[in-house]
Structures are given as structure tokens and as C-alpha cells.
Amino acid sequence: MCIRDSKRIESEYLQVLATQASRVPLPVFVADLIIASLAASYFHAAVWGGWLVLVALILVTRWRVLGHLPSRDDIPIERRVNIAIWLSLANGLIHGGSLVFFTEFTIAERSIQTLILAGLVTGAVGTTAGHLRTFLAFTLPVILPLALVWGLYPAPDISQLTRVGIPLLVLFLGLIFVGLAKEYSRFFIDSFRIRGRQSELNEQLQKALDDAIAANEAKTRFLASASHDLRQPIHALSLFTGALMRRQHSPETTEILGHLSTAVENLASSMSTLLDMSKLDAGLVEPHPAPLDLRAYLDQLYIEFLPQAGERSLELELVGSREAHVLTDSEHFDRIMRNLLSNALHYTRQGSIRIELASAGDDWAITVRDTGMGIPESEQERIFEEFYQIDNPHRDRQNGLGLGLAIVKRLSSLLDIRIEVTSQEDAGTAFTLILPKHQPPRQKTDSDASSVSLGGVRILCIDDESEVRAALEALLSGMGCQVE
């Protein structure tokens, strides 16, 4: 054992002694009162009373001194341990001194005194944490005199075998107590080493965890800060692809361009989703609440998703209140609703999808309910995890990345929207968003979009990426524009 560990173990011993010194004075003093009460029948009060006062002084002194020793870093640890040993010796001597009453006691009273002293020695195994020198400092002044008085002053009317056997039995018990103290000490040291090893492992684990968190945060910050740079090449590729598809090609080339366009769209969608997740994790997304006509928005969303539902032979319904207004970030809220509806379309093979708008006290409840495959109860806690998909164990990218509901969860938290899920396997799923009601604005303005021909229009394109400028020029020129 190294010197450092030895000193740390000695410090642990002192801490145990300090703790026990505050607990044992009262029960020990009560035991000593029993001995003093027995002696009161044979000795003057000054004798047994003086002994009792000395016992009290020793107990109080040990309590006060041992209680401060662990924190006395100005005193070397070896000296503090020696102080504890000397206090234990004083305690043992004063208790061994009670044997001056032994010669006057009856055989029954001697037995009671012996049991009390043996009990104190037994307790010392634990109160000294098996620290051998401290334990022996208390035990030897008690056990050796006890065996001696039983040998020198045997009780009358007992056999010669008993007269010899009792002192030997006392000595034998003393040896047993010493063995127990050694075992306790070994257990204490092993426990110390285990706790030290556990502490080292905890520190290593914490460091590894901190490093992992730091690496994840660095990755998130990088992706969030590099979002624009990562999107620009894909944006340019989309524009070039669009420009190529507007030109005349052979059927084979047109088919290849179609596959290329699909691949670019999938890449753009996946990259956009990943970058959006990174920005959300990095805390770079700030909501901008504004009044939203909820029913008008849902009407528009219903019209937009109606053809997709028809392609899958699904019925799409919109039911509920005709007047509903909330205060929220319309862009992020739209992302939430689109993800929920896309999810419902993906997991519903037959039946219907309902968008329900209902009043719920001071809130509006928007529910997207489907008749799809449902979510097993055991999986419902995990559906908002990143990259988790119930029906895509082989990670087929055609089924998406598994980030839709993770984004829904993060955006809902960002906008203070409560989200609830109810589902039953093979019986469909319902996602409900809870938003506080908002007083509708006084005026409402509508803007109508109209198709505009760009033929012959002169357009100035400004962008810091040459590839994007070239792609825009190719696309707009194909529409008949004069591009600079």
C-alpha cells in the first residue's frame, strides 16, 4: 500500500472514530452506572462516585477531541492517530479500573460486571473500525486485568476446573475479539479501496461523458453554423437540374434526368432535415409569434394534401370550428403540421385521415387522426427519438430518416405547444396539439396570387455563390428572361 493511500485510510479511521465518539458516550455511561450501582453496596460514595466522574470525563474528552481531529489538517495525520490511541488507552484503563470493585462482589455481580466489560470490548471492534492499535489500547487494559482477577480471586464454592477455566475463557474471548478486529480492519481497507476505485471510474466516466457531450455540441454548432454553406451546392444542383429538364432531350436522357431530379430532391430534403435538427439542438432557432387564423390555415393545408390522399385512395377530412385564432410562429407551426400529416399518409394503408379542430377551454386542440397501423404501447415513448422508425429496421432511406417526429417534438417545445399521443396497434394513431386561444385581429387582408409570364423580363441575379448565379441564369433564361 502506498504512503498516500495509507494516510487516506488513517483519515478514514479518524472520521469513523469521530462519528462513533458522538454516539457511544450515553450507552457506555449507562452500562457504567450499573457497575457503580453494584459497588454502592460495598464502597463509600466517594469511591464509586469518583470512578463514575472519571468515566464521564474520559467519555466527554474523547467526544470533543475525536470530533475535531479529522479536520485538524495542521496536525500531521500520524500524530492525530496517536492522540486517538492514547484516548482509547485512557478509556480502557478507566474501565479496567472498575475491577477494584470485583473482590467485594458476589458471583452474580461479578458475572454482570464481566458481561458489561466484555460487551464494551465487543462494541469496540466496530467503534474503532478494527484499527488494531486503537482497539488494543482499549481492550488490553480491560481483558488482561479481568482474567487476572478471576484467577486471583476465585469465587467460593466453585470447582478447581471452573477457577482455571474462567480466566482462560476470558483470555480466549480476548483473542477472538482481536481476530474480529483484524477482519473488520481488512474489510474496512477493502471497502476503502473499492470506493476509491469506484470514484476513479466515476471520474473517468464523467470525463468521457463530458467529452462526448462536448463533441456532440461541437458537431451541432458546426452543422448549424455551416448550414448556409452546406445548402448552397445542393441548391445550385437543383437549379441546374431544373434548367436541364426544361430543354429537349432524348427519351433515355429525359429518364436519367428524372432519376437525377428525384435523387437531388431526396438529398436536399434529407440535408435540410438534418441541418434543421442541428439548428434546433444548437438553440439557434428563435420563434417569431404572430396572429394566425387557424381555420383558414387548415383549409389551405387540407386542399394541398387532398391530392396526395387521393393518390393513396385515402379519405382526407377537415372538421371542427370555423373561427379559431392562435398566436404562434406560423412557419414552425406549419412544419409541425406537415410532418404530422406526412406521417399519417405514410403509415395509413387504407381508411381515412381526419384533421379535427376543437375548443378545449382556453385552448384550441388540433388533432391529426389516422386509421393506420398504430403504435404499440411499448414503442410510444420512443417515437420522438432521432432516427427511430417502427417499420424500418433495415434503414431503407426511401422511408425517410426517422426525424419527422423528433422535429415535431423540438418545435412543439420551442413554441410551447403541448403534444399528446393516443394510439392502439392496428387501430390508428392520433396526435393532438394544444395551443392557447388568441383574440382575432381586427382586420384581415387577403392576397391573391396570379400567374405571371416572365418572357422578355430583364432580371438581375445577386448571390455570393457563383454556382447559384450560373444555375439561376440557366433556369431563368430557359423561361425567356434576359439575365444579368
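Reader: In which kind of crossing, left-handed or right-handed, does α5 pass α6?
Author: Please keep in mind that this is a predicted model. In this model, α5 passes α6 in a left-handed crossing.

Reader: What angle do α5 and α6 pack at, and how far apart are their axes?
Author: Helix α5, which covers residues 107–127, packs against helix α6, residues 132–152, at an angle of about 160°, and their axes are 10 Å apart. Angles over 145 degrees count as roughly antiparallel, and α5 and α6 are therefore roughly antiparallel to each other.

Reader: Which residues make that contact?
Author: From α5 the contact takes Ile107, Arg110, Ser111, Thr114, Leu117, Leu120, Val121, Ala124 and Val125, and from α6 it takes Phe135, Phe138, Thr139, Val142, Ile143, Leu146 and Trp150. Sorted by class, the residues of the contact of α5 with α6 are 12 nonpolar, three polar and one charged.

Reader: And what about Thr128, where is that one placed?
Author: Thr128 lies in the loop between α5 and α6.

Reader: Is Thr128 buried or exposed?
Author: Thr128 counts as buried, because its relative accessibility is 3%, and the cut-off for buried is under 20%. If its neighbours within four places in sequence are left aside, Thr128 is in contact with Tyr13, Leu17, Thr134 and Phe135. Phe135 is also one of the α6 residues in the contact with α5.

Reader: Let's move to another pair, then: at roughly what angle do α3 and α4 cross?
Author: The axes of helix α3 (residues 45–68) and helix α4 (residues 77–96) cross at roughly 165° and come within 10 Å. For that reason α3 and α4 are roughly antiparallel to each other. The crossing in which α3 passes α4 is left-handed.

Reader: Which residues are in contact there?
Author: On the α3 side they are Trp51, Leu54, Val55, Ile58, Leu59, Thr61, Arg62, Val65 and Leu66, while α4 brings in Ile83, Ala84, Leu87, Ser88, Ala90, Asn91, Ile94 and His95. The contact of α3 with α4 is made up of 12 nonpolar, four polar and one charged residues.

Reader: How do the axes of α2 and α3 cross?
Author: The axes of α2 and α3 come within 10 Å and cross at roughly 170°, and that makes α2 roughly antiparallel to α3. The contact is made by Pro25, Val28, Phe29, Asp32, Leu33, Ile35, Ala36 and Ala39 of α2, together with Trp48, Trp51, Leu52, Val55, Ala56, Leu59 and Trp63 of α3. By class, the contact of α2 with α3 has 14 nonpolar residues, no polar ones and one charged.

Reader: Staying with α2, where is Ser37, and how exposed is Ser37?
Author: Ser37 sits in helix α2, residues 25–39, and it counts as partly exposed because its relative accessibility is 45%. The side chain of Ser37 reaches the backbone oxygen of Ile34 at 2.6 Å. Ser37 and Trp48 are 11 residues apart in sequence, and their C-alpha atoms are 8.3 Å apart in space.

Reader: What does Thr328 touch?
Author: Thr328 is placed in strand β3, residues 325–328, and at 4% relative accessibility it counts as buried. Leaving out residues up to four places away in sequence, Thr328 touches His288, Pro289, Ala290, Leu292, Phe333, Leu415, Ile417 and Leu435.

Reader: Which residues of α12 are buried?
Author: In helix α12, residues 404–414, the buried residues are Leu405, Ala406, Ile407, Val408, Leu411 and Ser412. After α12 comes Asp416, which has a positive phi, near 60°.

Reader: Last one: how many helices and strands does the protein have?
Author: Its secondary structure comes to 13 helices and nine strands. Of the 484 residues of the protein, 37% count as buried. Among the contacts with a separation of 6 or more, 73% are between residues 24 or more positions apart.

Terms used. Residues numbered from 1 in each chain as written. Predicted model: local features only at pLDDT ≥ 70, side-chain atom pairs only at ≥ 80, totals over all residues. Heavy atoms only, no water. Axes fitted to C-alpha atoms, helices over the stretch in contact; angles between N-to-C directions. Helix = DSSP H or I, 4+ residues; strand = E, 2+ residues; numbered from the N terminus. Parallel < 35°, antiparallel > 145°, perpendicular 65-115°, else oblique. Left-handed = near helix turned anticlockwise from the far one by under 90°. Contact = heavy atoms within 4.5 Å. Nonpolar A, V, L, I, M, F, W, Y, C, P; charged D, E, K, R; others polar. Buried < 20%, exposed > 50% of the residue type's maximum accessible area, 1.4 Å probe, protein only. Polar contact = N/O pair within 3.5 Å; in protein donor to acceptor, adjacent residues only side chain to side chain.
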